[in-house]
Amino acid sequence: MKTIDLSTASVRDLNQALHDQVKNLEEREWVVTHPNGAHNLAVGVNEAVSVDIQGHAGYYCAGMNQKASVTVHGNVGVGCAENMMSGYVRVKGSASQAAGATAHGGLLVIEGDAGARCGISMKGIDIVVGGSIGHMSCFMGQAGRLVVCGDAGDALGDSLYETRIYVKGKVESLGSDCIAKEMRAEHLEELQELLNRAGFNEKASDFKRYGSARQLYNFKVDNASAY
Amino acid sequence: MCGIVGLYLKNPALESQLGKLFEPMLEAMTDRGPDSAGFALYGDEVGDGWVKLTLQATTENYDFKALIAALESKIAAPLDWFQNASAIVLKIKAEEAVVRAALGELAPTVRIMSAGKSIEILKGMGLPKEISKRFGLGSMTGSHIIGHTRMATESAVTMEGSHPFSTGADLCLVHNGSLSNHFRLRQELRREGINFDTENDTEVAAGYLAWRLQQGDSLKTALDSSLQALDGFFTFAIGTRNGFAVIRDPIACKPAILAETDDYVAMASEYQALSSLPGIEKAKVWEPVPATLYIWERGART
Amino acid sequence: MSDSNSPKAPPVLRESATFDRLTIQEIQRAAETGIYDIRGGGTKRKLPHFDDLLLLGASVSRYPLEGYREKCGTDVILGNRFAKKPIHLKIPVTIAGMSFGALSANAKEALGRGATIAGTSTTTGDGGMTPEERGQSQHLVYQYLPSRYGMNPDDLRKADAIEIVLGQGAKPGGGGMLLGMKVTERVAGMRTLPIGVDQRSACRHPDWTGPDDLAIKIAEIREITDWEKPIYVKIGASRPYYDVKLAVKAGADVIVLDGMQGGTAATQEVFIEHVGIPILPAIPQAVQALQEMGMHRKVQLIVSGGIRNGADVAKAMALGADAVAIGTAALIALGDNHPRLDQELKKIGSAAGFYDDWQNGRDPAGITTQDPELSKRLDPVEGGRRLANYLRVLVLEAQTMARACGKSHLHNLDPEDLVALTVESAAMARVPLAGTSWIPGSQY
């Protein structure tokens, strides 16, 4: 196990060490102490290492992650796991806006709440939020699954493409072209699998499914007011 | 485009350490705002019939002593004052309007940064570290304080263009974001008699609040109506005589984070500005939701 | 003879200047379809441009350089403010960002080939990096756009520079679009979209807004790429004085400034023609911002939007640009709007020299299309050779003019080598009206 103390080392030291170490893979377990809300922690990691961040992180924590498992024992700032490709990011606290933005793959678990624009333009990632999510979440969501054990804010799934959204609690309002959909057996199955993988003791049957009505896929005069 | 910080003490025992607790918060926002910085300190209230003003000279080595002497001979009223770098804090037993009129005549180049019972606004160009050192922030005492670090977007980098902006007696505003309808609104507010010193968009927001309050709005009503009147992006922190308030625009792209313990309520653009506060590990930390007013005032929480 | 017997003068029809034929046609089109007009290309209206400036050749007071023996350098280094691996180009003319999706794979490959032969860079676009393009491009700039279609860290590490796109000259403040006929299986796959949708791209980045947050985003990309790659910031010209200052404060290595003449694959006509400013007034504002910060030549300035010939290159550089970028002109060099396509273009309601329906994917030149049969018409090797020829001409022309002004490097052209033909262009370019020392609007 290798410990990097950010009260003495810089974020640059941390990321360079993580990137360099990927070449040899001598150390798979990393611990980061005293993060104190610093930005860009463990970004661009490209190997199956584990990184344990012991405190709050700032913007873009685990940004563009590939293969690594990153755990944050605290809250994260804007754009946690943005554009993640693969791997696993777990936030023990809450996340600010744009968590999992544009991410292509992997699993992001947020035990607390996520702010506005959670999963904006998501492209294949799975996001499971233990608490509630803010407004404009999953805006232009393209692929992947967004699971919310609490409530969702205004305009959920606005201009949605093919992301499947599951919400247990109340949805403040649905965005343009997002509708409630029937929960079929395959949905119950994939949702239960995601909840189990995220480690949440929840029943898939308590959730509702939302998806794209696919009415805005091609420009039509009658939909002009929705744009 | 900037960093915002605020600290409101619930525990009066900490008032002697207000500046010491706040200084690292302001300096942590240097990357968000390297051009200029400032803060509004609340404390050391003046008594009935008195008013406290903060004045800033816009020229080097301004002779405040001569100004005070001239003021004393113009208004026969008890007064007390002290100088802090390029600013002075003036306490005087007189009507605010009378003092303003006298100062306008005697020293048209001196800017009145704030007026009220409690507020002192100190700001200037330079890195946050330089500003806190210039005014001796670390040793200041008081009940609450809000501050700002500025990355200038369009209007000039000047002392006047720095935040906080006064919005009336004991009221001030700091802003992170960019307003898109400030030009026309400034013209309308000028017709309503509101004065502006800069081309800064935040000054228009401050002027709007000052105008609504003059029209008899409560702070809550004025801030709620600002959601309609102001277009663009903003996170505002507003200092009041008894506390402070936070509000974000409905789109809420600009960041904000709040933390509360038994001892204090703190607000910042980023968590890293809060990380130096005692007991922050155990604090309740959350983000203010869009278009919703949060107010903490002595005695009550809304 | 009475008047009634004299022949009548033929009637003269008077066209309204306000409601001219084009305007009438557009109102009729809008009334029929209920949707705005979308097209490709840049603005078509006449604007103050480089043609309104002239270079002052040497004579007695200044001495010119000889054509061959006396060198006129053309190279440029981009991104040496922070990046460990700046880009060194042989010529100061780069290829602007254009997406695979908007353009065919063959067109993208041809751009890479042409740029590489000429010793310059080419740029990806919305939708990611193709292997054809990476393979054929010696210097490849990878665009980082609001949509992040096809964005991935492997390609980020493969890139030679990263261009964070805030806007485009054709549509500052607007997002992108790619209509369904071009969203083929491959394009849709790269962008993770259903095949055939009218794809929209966001106008704001999903995870940052404003310069304070941009600074953190730039730091993230630098961290991911270990501070090796130059980071460009591309701006659509509207308030370049402020935008350039803020991009520099946020940490950019290079500013790319695109004027309103800059092309687009698909944008509302009203947006193309009415939003943003021409490149001519944008350059002096950007240069002033850089000079005030002590960053001119330290943060390099690449300008684009209507660059057509070596005179435009020389004049843009004289105004203070470090390099220029071409888009529309490069497509024309590849064969866009070629006269031999006239008959085919007429069948789809256009004509050679007028074709701008780049959004609909029916380009008979095989450039702005995803149709496999049409795409085959563009041979990437032949296209690359044509582009390289054109780039050579641009540089030779610019060198010719620079030598005439006595310059041994294109970078030594300066505003004092320029005069303006019109009051408007003198005011915008901040150079004197020819034959006078008058720069309208300047402080005395």
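Reader: Into which domains is chain B divided?

Author: Chain B splits into domain 1 (2–45 + 118–301) and domain 2 (48–117); the bounds come from an automatic or database domain assignment. Before we go on: this is a predicted model, where local features need pLDDT of at least 70 and side-chain atom pairs count only at pLDDT 80 or more, while totals for chains, interfaces and linings use all residues. Residues are numbered from 1 along each chain as its sequence is written, with chains lettered from A and ligands numbered from 1 in the order in which they are written.

Reader: How many residues of domain 1 of chain B are in contact with domain 2 of chain B?

Author: Take contact to mean that two C-beta atoms, placed from the backbone, lie within 7 Å. On that basis 19 residues of domain 1 of chain B meet 15 residues of domain 2 of chain B. On the domain 1 side, β7 (119–125) and α4 (128–135) of chain B each supply at least two residues, and β7(B) gives the most, with five residues. Helices (H or I, at least four residues) and strands (E, at least two) are DSSP runs, numbered from the N terminus. By class, that side of domain 1 has eight nonpolar, four polar and seven charged residues. Here Ala, Val, Leu, Ile, Met, Phe, Trp, Tyr, Cys and Pro count as nonpolar, Asp, Glu, Lys and Arg as charged, and the others, Gly among them, as polar.

Reader: What is the strand order of the open sheet in chain B?

Author: The general idea is that strands of a sheet pair through backbone hydrogen bonds, either parallel or antiparallel. In chain B, an open sheet of seven strands runs β7-β2-β8-β1-β14-β13-β15, with antiparallel pairing (two strands pair if DSSP finds at least two bridges between them). β7 and β15 (284–286) of chain B sit at the edges with a single partner strand each, so one side of each has no neighbour in the sheet. Strand β2 (residues 36–42) of chain B pairs with β7(B) over seven bridges, in the antiparallel sense. B:Leu41 stands opposite B:Glu120 in β7(B).

Reader: Which strands does helix α1 of chain B lie across?

Author: Helix α1 (residues 18–27) of chain B lies across β1, β2, β8 (144–150) and β14 (264–268) of chain B, at about 160° to β1(B). Axes are lines fitted to C-alpha atoms, for helices over the stretch in contact, and angles run from 0 to 180 degrees between N-to-C directions.

Reader: At what angle do helices α6 and α7 of chain B pack?

Author: Two packed helices are described by the angle between their axes and the distance between the axes. Helix α6 (residues 201–214) of chain B packs on helix α7 (residues 219–229) of chain B at about 130°, with axes 10 Å apart. That makes α6(B) oblique to α7(B). Angles under 35 degrees count as roughly parallel, over 145 as roughly antiparallel, 65 to 115 as roughly perpendicular and the rest as oblique. Among the contact residues are B:Tyr208 and B:Arg212 of α6(B) and B:Ser225 of α7(B).

Reader: And how many residues does chain C put into its contact with chain A?

Author: Chain C gives 23 residues and chain A gives 39 residues. Helix α6 (residues 211–224) of chain C gives the most on the chain C side, with five residues. That side divides into 11 nonpolar, six polar and six charged residues.
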